[in-house]
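Please read the points with the structure open.

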Amino acid sequence: MPRVEYRILGPLEALVDARPLNLGGIRQQTVLAALLLDVNRVVSVDRLVRALYEEAPPATARAQLQISVSALRRLFAVHGLSDVITTHPQGYMVKAADAQLDLLQARDLVGKARALRDRKAADRDRTAEDRDRKAEAAALFRQALGLWRGDPLGGLPSEALRSAAGQLTEQWVGATEECVQLELALGRHGAAVGELIGLVDEFPLRERLRGQLMLALYRSGRQTEALQVYRDTRQWMIDELGVEPDPRLQRLELSILAGDPRLDLPDGRPAAAHATPAAESAAAPPVATAAPVTVPEMLPADLADFTGREHLLAGLRERLLLSSHDQSRLAVPIVSVVGKAGVGKTAVAVHAAHQIAAEFPGGQLFADLHAGAPDTVGPAQVLERFLRALGVNGTAIPDGLEERAEMYRALLAERRVLIVLDNVATESQITPLLPGKPTSAVIVTSRRHIGSLAGAVRVDVDTFDPDQSAELLGRIAGPARVAAEPEAAKALAELCDHLPLALRIAGARLAARPHWEITELVERLEDGTRRLDELKYADVGIRAGLSLTYESVSEDARRLLRRIALIDEGPFSTWVGMALLDLPEYQVQDLIDELSDAQLLDAVGTAPGRHTQYRLHNLVRVFARERLVDEESVEERESALARVIGCFLYLLIEARQREYGRDVLIRGRGTALHPLPARTVDRLLAEPLRWFARERPMLVPRVRQAAMMGLTAHCWELAVTAVTFLETHGRLDDWRDTHELALAAARKGGDRLGQAAALHSLGSLALTRQNFAAAEERFRQAAGIFTDLGDDLGSALTARGLGYLARVDGRIDEATAHYQAALTVLRASGGSVAVAYVLHNLAQLKLGEGDEEGAGELLDEALRLSREGRGRRVEAQVLHRMGQSHLERGGYDRALEAFSRALDVVRLIGDHTGEIYALHGIGAARHRLGESGEAAHALHRALLLAEGSNERLIMGRILVTLGELALGTGEADLAVQHLRRARLVFRLMRTPAEEARTLDLLRSARLAAGDPEPPAGPGPPS
C-alpha cells in the first residue's frame, strides 16, 4: 500500500512514497489545505467555499468545489490511494495518522516536551534527574520546531488559510519561547544571548525579557554588558514612561553588582538551583516572544566572469577575517578600497564580500552612497534601509540620525555582520553607519582614500595587466577568438587603457557580433573621430568605451539614454521611457532592450515582464548627462522631465482610485497630466499597492524636481496623492520629506491652495504619529487658508481631522459640529468613501450618548457607501465600529463576527494598524462571551503588534481590556498592572477622557486586590 504524507508547516506538500505530487492549481491546493487544517474532522461545504472565495462566492461555487475535490481524488487514485478524501453529509474529511502530517507530529512532540518538563522528579537524585528531564524536553522542543519549513501554507492566497496559518505561527512562537526557557535553565546562556537581544529590541516594554538578557550576559562573563542593559532599560523607561523598572529587575541588578554567587551556574548543575528569586522572576518568559532575528542579504550579485585580483583579494580577506576574529581588538575592522573610476572597485568589494559572507552569519548589508553625484545618499536614508533589512518596522524607526545610529549599533552589537559601503565621498557619510563593536567588519569603496577614517586599511585597485585584460576579453567574447588574434586583443586592451569597464563594453560588442574580427573593432577605436575629446583625461578608457557603445545603438536609443539622465535616481520603469520620448510602450521596450544588450542599462529586481525596472551605472549616467547637455536644448530637457512628472502624477491618481475607491482628493486647477494608453495603465496598475512599492523610490526626487522647475501644483499634488499609499506602507519619512518640499514650494510660488493641502496632510501625518498637539496646529493653519480661499472641500477635510481630535479628547459637542460640517460638503462632493468615514465617526459619538438606534443607521449607511466606493480601508473601519456597537449592546456573537470580517479585510490590504484594532475587538468580544483563553490570545497578539509599531493609543486600550479580562478571571493584581500601564500611556498622550475611564477601572482593580487606596490625582500614577 503506498504511503502518503502531508506537510503544511511551510509550503503545502503531499508526498506518496516520499515523492512529492503536483497538486494542481490554487483551488485544489486551497481545498486540500483547508481539509488538512482540520484533519480527521469533517469540514463543511460552507467553510470550504469561504476558503476558496472568501465573502463573494460565485453561483457555481459548490460545483467548483466538487470539481476540485474530484480532481484531488483522481490525483491520489493514480498513485493507488482511493480513500484520501471521504464524503460526509455536511462536507468532506481527510484522515491521517500523526506520522502522516507534520502538524500532528509537531503537536505530539510539543505535548511530550511539556509533559516531560512538568513531571516531578523522585526525591532521591532529584537534581540529576531534573537536569536530564529538562535536556530531553528541550531536545523534543527543538525536534518539533525543526518540522517548520517556513510560513505555514506559504503562497496560498486564501485569507481564511492565512488566518489559520497565523495561528500555527503563534503556536511555533510559543513553543520556541518555552524551549529557550528550558535551555537557559540548562546553562545554555551563551547561545541565548543573541536571540534575547533581538527579542528585547523588538519588545522594549517586556521587562522579563530584559531580565533574561541580563542573566544570560552575566553568566556568560559579561557583567558590564549585563549592567548596561539595566541602565539602558532604566533610562528608556524614565524617558518614555516616567517610571522606574520593576523592583524584581532592580534586585537582579543589585545581585549582579554584588557578584551574588547564587547567580552563578556551575558546570553540570541546573540553573534553577542557583538563580535568586530576583533572577527567576525577572527572567521568566512572557506571554509571547519575538519573531526569529532577521538576517539581511543585501549584497548585489557577484560577477560570473570576475577576473584576476587574486593577491589583492587574499590580502583583503585576511585583513577582514583576522581583525574581526581578534578578541583583543577594540576598533571595527575597516578596509578602504580605493581606485579611479572604472577600475572595478565595486566588483572587487562585492566579490570579496561573497567569498567571506559565510564568516558573517548575522548577514550582509550593502549601500551605494553615490559619491559626487547630485543624488548623494545621506546616512539617515541608508540607516532607514538597513534598519528595515534588520527587521525594524517602518513606524518604529526613529526620525533623528543619532537615534537611528544608536538603534543600528544596538542591533549589530551581538552579530557578525559584513557591511559594504560603496561610492563613499566623505567620512561624515559613513560614520553613523559603522558598527560599535569589532565583531562586524566594513568594506568601503571610494575614488580617494578617506584619510580621516581612523584605523582603516587602504587597498589600492590598479588597472589590469595585459594578461588579465586578455583573460577578461576571452571570458566575455570567447577564448577561441582571443587566442586566434592575440596581437589584436592586446591592442584592444591598450585602447581600453586596461580598465575593466571599458574592456567589458568592448567584449560585449564582440560577443554580440560573432562575425566580426577583433581587428575590426581595433580599427574603429583607432579612428579618433569615434572618441571623445576628453580622451586625454584620466578617465579616457571609460569614456572611449562608453562612446563606442553609445554610437553603436540607434538614434532613438541614444535619445532615451540621454534623457534617462534627467531621472536623478534609479531604478526606473518602462513608463518613464514612454514619457521621456512620448512614444508607445512597445517602441520604448525595444529601445530599452537595445540599451540593455549594449550593457548601458541593467535590469534590477525580480519583478517580471512589464514590471521589470532598469538602472544606469553611475559612469554611464555621467556620460549620458554630458551627451544630454551637448545634444539637446534646455526646452527639450524641461519638456521631457515635465512629461515624466505629469505621467507619474497621472498614474498616482489612477492607482489611488483603484486601490482606495471613490475617496476625495484636493487637486490643483488645470495641472497638466501626461496620460498613458488605457491598456498600459491597466497592466501597470493591476495591483496598485505593488506598483507603488516599486515606484516609491521615484517619489521624493520627482517632488524635488517639480519644486526646482517651478511646477508647484505638480509638486504638492504628487505629495498629497501619495499619502494613502505611504501610510499603508508605513513610509512616514517619505510622507514628511515630500510634504516639507511641497509646503516650501507652495509658499515660494504663492500657491495658497497648495500650502493648505500640504498643511492638512502634515496634520494627518502628526495624527498618524499620534502627536495630537502638532496635528491640531497644522489642521487649524490649513483650515484658515481653505476658509480664505472659499474651498469647501478642503475645509471639510480639515474639519474631519479636527473632529477626530476633539472626539479623542472627549470634546463631544465640538467633535459633532466638526463632523456635521464635513458631512454636508462631502455628501455633495460625491466622495462616498469620505462620507462613510465621517458617518462611522458620528456613529461612535452617538454610541457614547446611548443612541444605539441612530448609531446603527449611520453604520449601515457607512458600510453601504464604503463598499459602493470600493474603499476597503474605510469598510474595515466601519465593520470595526459595528463590532463596537454590538459589543456595547450585548450582541457579543454579532460583534465577534463584525470584528472577524474587519480582520479579513485589513489583512487582505496589508493594513497593519487596522489588524491591531480588529484583534483588540475580537479579544474584547471573546472576553464578553466568557472565552477567556481565546480572548487573551487575541489581545496579546494585538499588544505585540501595537508595541512593535508604537501605536500608543490602541496599546492603551488593549491594556484596559486586558485589565478587564484579568478582573473577570480573579487576577486582580495582574489587572492593576495592566491598568497602570494603560493610564501611563494615556497620560503621555494627553488624552484625559481615556485616562479618566482607565482611572475608574483601576480603582475597582485596586479594591479587588485588597488595596483600597485610590490612585493619586495629578501626580504620577500609583
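1. Arg 481 sits in helix α18 (residues 479-484); helices here are DSSP runs of H or I with at least four residues, numbered from the N terminus. This is a predicted model, where local features need pLDDT of at least 70, side-chain atom pairs count only at pLDDT 80 or more, and totals for chains, interfaces and linings use all residues. Residues are numbered from 1 along each chain as its sequence is written, and side-chain values use heavy atoms, leaving out hydrogens and water.

2. What is the nearest side chain of opposite charge to Arg 481? It is Glu 485, 6.0 Å away. Arg 481 is buried yet has no salt bridge. Buried means under 20% relative accessible area, exposed over 50%, partly exposed in between (1.4 Å probe, protein chains only). A salt bridge needs a side-chain nitrogen of Lys or Arg within 4 Å of a carboxyl oxygen of Asp or Glu. For charge, Lys and Arg count as positive, Asp and Glu as negative; His and the chain ends are not counted.

3. The Arg 481 side chain does reach backbone oxygens: that of Leu 510 at 2.7 Å and that of Trp 516 at 2.9 Å. Residues touched by Arg 481 (heavy atoms within 4.5 Å) include Ala 511, Arg 513, Pro 514 and Ile 518, with residues up to four places away in sequence not counted.

4. The whole structure holds 58 salt bridges. One of them joins Arg 7 and Glu 13, with the closest N and O atoms 3.2 Å apart. Arg 7 is partly exposed at 31% relative accessibility. Glu 13 is partly exposed too, at 25%.

5. Glu 555 and Arg 562 pair at 3.5 Å, N to O. Glu 555 is partly exposed at 35%, whereas Arg 562 is buried at 3%. Both belong to a salt-bridge network whose members also include Arg 558, Arg 627 and Glu 631.

6. Arg 981 forms a salt bridge with Glu 947, the closest N and O atoms lying 3.3 Å apart. Arg 981 is in helix α45 (residues 972-989) and Glu 947 in helix α43 (residues 932-949), so the pair ties together parts 34 residues apart in sequence. Arg 981 is partly exposed at 26%; Glu 947 is buried at 8%.

7. Helix α15 (residues 401-412) passes a length check: its twelve residues should span 16 Å at 1.5 Å a residue, and the end C-alpha atoms are 17 Å apart, which agrees. The expected span is 1.5 Å times one less than the number of residues. Its buried residues are Arg 404, Ala 405, Tyr 408, Leu 411 and Leu 412. Seen down the axis of α15, they fall within an arc of 125°, so they line one face; the arc uses directions from the helix axis to the C-beta atoms.

Methods:
Helices (H or I, at least four residues) and strands (E, at least two) are DSSP runs, numbered from the N terminus. A polar contact is a pair of N or O atoms within 3.5 Å; within protein, one must be able to donate a hydrogen and the other to accept it, and residues adjacent in sequence count only if both atoms are side-chain atoms.
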